[in-house]
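Here is a set of questions and answers on chain contacts, sheets and helix packing. Look at the structure first, then work through them.

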Amino acid sequence: MELSQKTIHEINDLLKKKEVTVTEVTQSVINRIDGVEGSTDAYLRLQSEEALHAAKVVDEKLKARKKKSPLEGIPYGLKDNLCTQGILTTCASKMLYNFNPPYNAHVYNLLIEEGGILLGKTNMDEFAMGSSTENSAYKVTRNPWDLNKVPGGSSGGSAVAVASNTAFFTLGSDTGGSIRQPASFCGVVGMKPTYGLVSRYGLVAFASSLDQIGPFTKDVEDCALVLNAIVGHDEKDSTSLNIEKKDYTKNLKQGVKGLRIGVAQAFFGEGLQTEVRKSLEDAIAIYKALGAEIVDVSFQYLDYALSAYYLISSAEASSNLARYDGIRYGFRAEEYDGLVDLYRKTRSQGFGDEVKRRIMLGTHALSSGYYDAYYKKAMQVRTLIKEDFDQVFKGCDVLLTPTSPTTAFGIGEKTNNPLEMYLTDIYTVPVNIAGIPGISIPCGLDQVGMPIGMQLLGPVLSEKTILKAAWAFENETNYKNIKAPLGREV
Amino acid sequence: MSLTREDVTYVANLARLEFTDAEVTALADQLGAVLDYAQTLSELDTSEVKATEHVLQLKNVFREDVVKPCLTNEQALANAPDSEAGCFKVPRVME
Amino acid sequence: MEYEIVIGMEIHVELGTKTKIFCSCPTEFGAEENTHTCPVCLGMPGVLPVLNEKVVEYATRTGLALNCEIAHYSKMDRKNYFYPDLPKAYQTSQFDLPICTGGVVEIDMDGVTKEIGITRIHIEEDAGKLLHESSEGTLVDVNRCGVPLVEIVTEPDMRSAEEAKTFAEKVRNILEYTGVSDCKMQEGSMRFDVNLSMREKGSTVLGTRTEMKNLNSFRALVRAVHYESKRQILELKKGHRIIQETRKWDDTKGTSSSLRSKEEAHDYRYFPEPDLVPIIIEKDYIAKIKADLPELPEAKKRRYIKEYKLPEYDAGVLTATGILATFFEDAVAVYNEPKQISNWLMVEIPPLLKEKELAMENISITPIQLVELLKLVKNNTISGTSGKEVLKVMFNTGKNPGDIVKEQGLAQMSDTVELEAIIEKIVAANPKSVEDIGSGSDKAYGFLTGQVMKATKGQANPQVANEIIRAVVAKHLG
């Protein structure tokens, strides 16, 4: 098997035994990029030369000592809304076409300290607004399982890079499902940690109270490794939790005997693709066989989550994106007549349609006369949804749901109907509203061979429990080894 | 409950965005559809419910009053589309 | 129809913290453009604010000094609007839950005490500066973005320009004492906006108000109030309605003009700031800040009158600023002559400060040095006149008064034996003067005194010399 096809922990074994070098590993991934990137277009920007150079430096260091951390010497990608000093950070928008940040995202600093090797910046929906990565101003990323289908969004590029083995792990961001849904569409592991666990400093803001950074990996053990590296308090982020650091790899393989796994009818309503339903039912049976206890749980307010989400996220986004005015950085319209026209032309030309749509929705929801009915109402409903989850988790340890109602849809299929696109987030959005953690792992394939993902959710700070449940399923099944057709090419 | 064209124009002005007539019509429909869907929220009695402003229970997160290095003028202006005399430049502002 | 002026004020005070409110850039005034910035105050993508703990402390102190309630729970909100001096396109401020509410400031109007209510005080960040020097555009300096402010909003309790001025001066006085700000109107660290409306005398309904900005001095404040009240009365008399608007005061022209150039009303779309968490203030925190409050001007003034037996006028002048009061108290602490110290501080020192373009805070002499000088004058080592000269030299050179007196040989001759000898000589040399005095002319005394001063190079103690001259002349006459 090609080195690029392996997981982080497999590579670490080989590195430890000195059977491979970091340079060989990195070269393998770069070769893979040369081979498949033309078809998948996961990356906006590649740093191949720099990566090889960095790999050589790490190899030198490893001659004198052991690896200082599990991610040292491991090539990875970053979603292009994570600021990287000296490397363009565009958020896949024309608005930031030339933005070179004079600072790093906190998580990038952490990965630099760990000794990871940055391969490049991955494609996304513009400013993280979208569910298909079709809203990128630069390119369309294609699903490696079927190049005519979307990879999901907004972290499509990050999902595809891991799915097509052009990175050992990537980081994405999740505001309403933007890690979990593409992970599900691309057959990889994607996790959104508890809100506040990972610093948001340097993550270009979409919806401040919902955004979280998280990993894409090839299996659950790798996910735990990456989580260990990026979780932690950051004094530059006032919403960053300051709690004792955990080792997410510890007790990962403990098993699920006695674990209470909740299943809610609300997630199995109509609109759920048949094969998705079947896979989840199979998953439930597998968990039963592994000794878990399946518990019926119910929600009162889940139906309202999507509306609350769109009102809150758009409102916060409308404010977060107001700073893009062509004055201090980024795109500026070429022709304008006076200051107000500068603002209008710059923002109308610099932003894509979906971004403008959300800004309009959010501005309206906050505006005079509408604040109480829309934004404030949504914030109150948010409380109800949080309490709903609190109540559910009294009766179970983790909640099992499908990640998305369907598998990946065709490129161009939903672009004309924004509301239909929004509805694909229906199972992922409540998680951000409540601030709880969630992971998506592969749990099957549909009739045309497209990956199906399932979600494991838990109460605040229950990452270890979720990972444990995820690993148990993964270990019992073989989905992690079923690679995308593009991924199978050697 | 659709949005009227006037609503769309008012909001566009607040957001410093401009649209063609056709776009205004499309937006009125699309946003109207989303808001219609969101109308379900009004079914809920939230009169006794406190709004969630932060999902975390954090409070009093402060920083010490200690000076740290700034960007140089060059660094601050490095990304500026237009600048002059060490400042960002915009069209004449009437005050 | 008699009209009554109704005035409320919004006072913006720049807090004197070392760093900005949400980032660690310095707040120092006068730096070169865009050299006190960082990604956070520049509003770059992905940055986040972190609240400066000193800002909460200073805001609490401000509230306590103005007799406000300090909120147990307060939060930050975003105020959204577009302007080139606002990098994030929103100002992080406080909307519905400010840090202080319900205070009061007493002012004294010709012996009558009046209470001016404080509605609220909230924390917010300052915007940048726009410079209009460019050929065909406007330049933006971000240095001031993020400098912490408190905004003090008063009840519409003032009824005249004089009340407004007295109140403004009082607030400035109090806040300067607390140390939260240097309160320099000319540097913009304290800005007064005046809300003014007119109504029929006796009515309890408020008229439509206008807001006036750009009042850079107390004088401008008074002039602006006079102008705007007259303008509104004229409009009302013509039957026009007052338009609620913001007006900019032009002190050179002595007029205000409307700033309402566009039709837009301000829809600020306030919502709670998601990047900052609530501020919880406990009772013991408030108690500590209260205990650490310095003695405030009113109390200090009363104490000066009682303890130092100073007239009210002196006490008022000395407590006008905390710095002057501290200088005075440092002097009195080592030299118990409060009236003498007060006289010199009120009369002799100000012209010297003005000449050297200094303020009390960078005065070039110390209280100890002043005391040394005053002692020399009090014990007649030097005359009062010489003392003033010595003070000038002290200002210019920073030398101690004792050294200056020695160097310039200014010590008064008070030695009666020495003086008698000199005076004897002079009186003997001027028989005509003696004759004149004998015939009743006192003018000759002046001449003789002049001669004595000349002979002693001005160092003769005038009182002692005069006594001896009279005695000697009397001897010659008798």
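Two residues are in contact here if their C-beta atoms, placed from the backbone, lie within 7 Å. The model is predicted.

Q: How many residues of chain A are in contact with chain B?
A: The contact between these chains has two sides. Chain B brings 40 residues to it. On the side of chain A the number is 49.

Q: Which element supplies the largest share of the side of chain B that touches chain A?
A: Helix H1 (5-14), helix H2 (21-38) and strand S3 (87-90) of chain B each give at least two residues to that side. By class, the side has 27 nonpolar, seven polar and six charged residues. Seven residues, the largest share, come from H2(B).

Q: Are H9(A) and H2(B) parallel or oblique to each other?
A: Helix H9 of chain A covers residues 305-320. The axes of H9(A) and H2(B) come within 9 Å and cross at roughly 130°. Angles over 145 degrees count as roughly antiparallel and 65 to 115 as roughly perpendicular, and the rest between them as oblique. The two helices, H9(A) and H2(B), are therefore oblique.

Q: Which residues of H2(B) make the contact with H9(A)?
A: The crossing of the two helices is left-handed. From H9(A) come A:Ser307, A:Tyr310 and A:Leu311. By class, the contact of H9(A) with H2(B) has five nonpolar, one polar and no charged residues. The residues from H2(B) are B:Val34, B:Tyr37 and B:Ala38.

Q: How many charged residues has the side of chain C that touches chain A?
A: Here 27 residues of chain C are in contact with 36 residues of chain A. The side of chain C has 19 nonpolar and three polar residues. The charged residues number five.

Q: Which strands are the edge strands of the open sheet of eleven strands in chain A?
A: The order is S1-S3-S2-S4-S6-S5-S10-S11-S9-S7-S8, with mixed pairing. The twist averages 30° from one strand to the next. An edge strand pairs on one side only. The edge strands are S1 (43-46) and S8 (293-297) of chain A.

Q: At about what angle to S3(A) does helix H3 of chain A run?
A: Helix H2 (residues 22-40) of chain A lies across S1, S2 (75-79) and S3 (117-122) of chain A, at about 50° to S2(A). Helix H3 (residues 48-64) of chain A also lies across S1, S2 and S3 of chain A. The angle of H3(A) to S3(A) is about 160°.

Q: Which residue in S10(C) stands opposite C:Lys129?
A: S9(C) pairs with strand S10 (residues 138-141) of chain C. The sense is antiparallel, over three bridges. Opposite C:Lys129 stands C:Asp141.

Q: What is the bridge partner of C:His122 in S11(C)?
A: S8(C) also pairs with strand S11 (residues 148-154) of chain C. The sense is antiparallel, over seven bridges. The partner of C:His122 is C:Glu151.

Q: What hand has the crossing of H12(C) and H14(C)?
A: H12 (residues 416-429) and H14 (residues 443-455) of chain C pack at about 130°, with their axes 10 Å apart. That makes H12(C) oblique to H14(C). The contact residues divide into seven nonpolar, one polar and no charged. The crossing is right-handed.

Methods: Residues numbered from 1 in each chain as written. Chains lettered and ligands numbered in written order. Predicted model: local features only at pLDDT ≥ 70, side-chain atom pairs only at ≥ 80, totals over all residues. Helix = DSSP H or I, 4+ residues; strand = E, 2+ residues; numbered from the N terminus. Nonpolar A, V, L, I, M, F, W, Y, C, P; charged D, E, K, R; others polar. Pairing = 2+ DSSP bridges. Axes fitted to C-alpha atoms, helices over the stretch in contact; angles between N-to-C directions. Parallel < 35°, antiparallel > 145°, perpendicular 65-115°, else oblique. Left-handed = near helix turned anticlockwise from the far one by under 90°.
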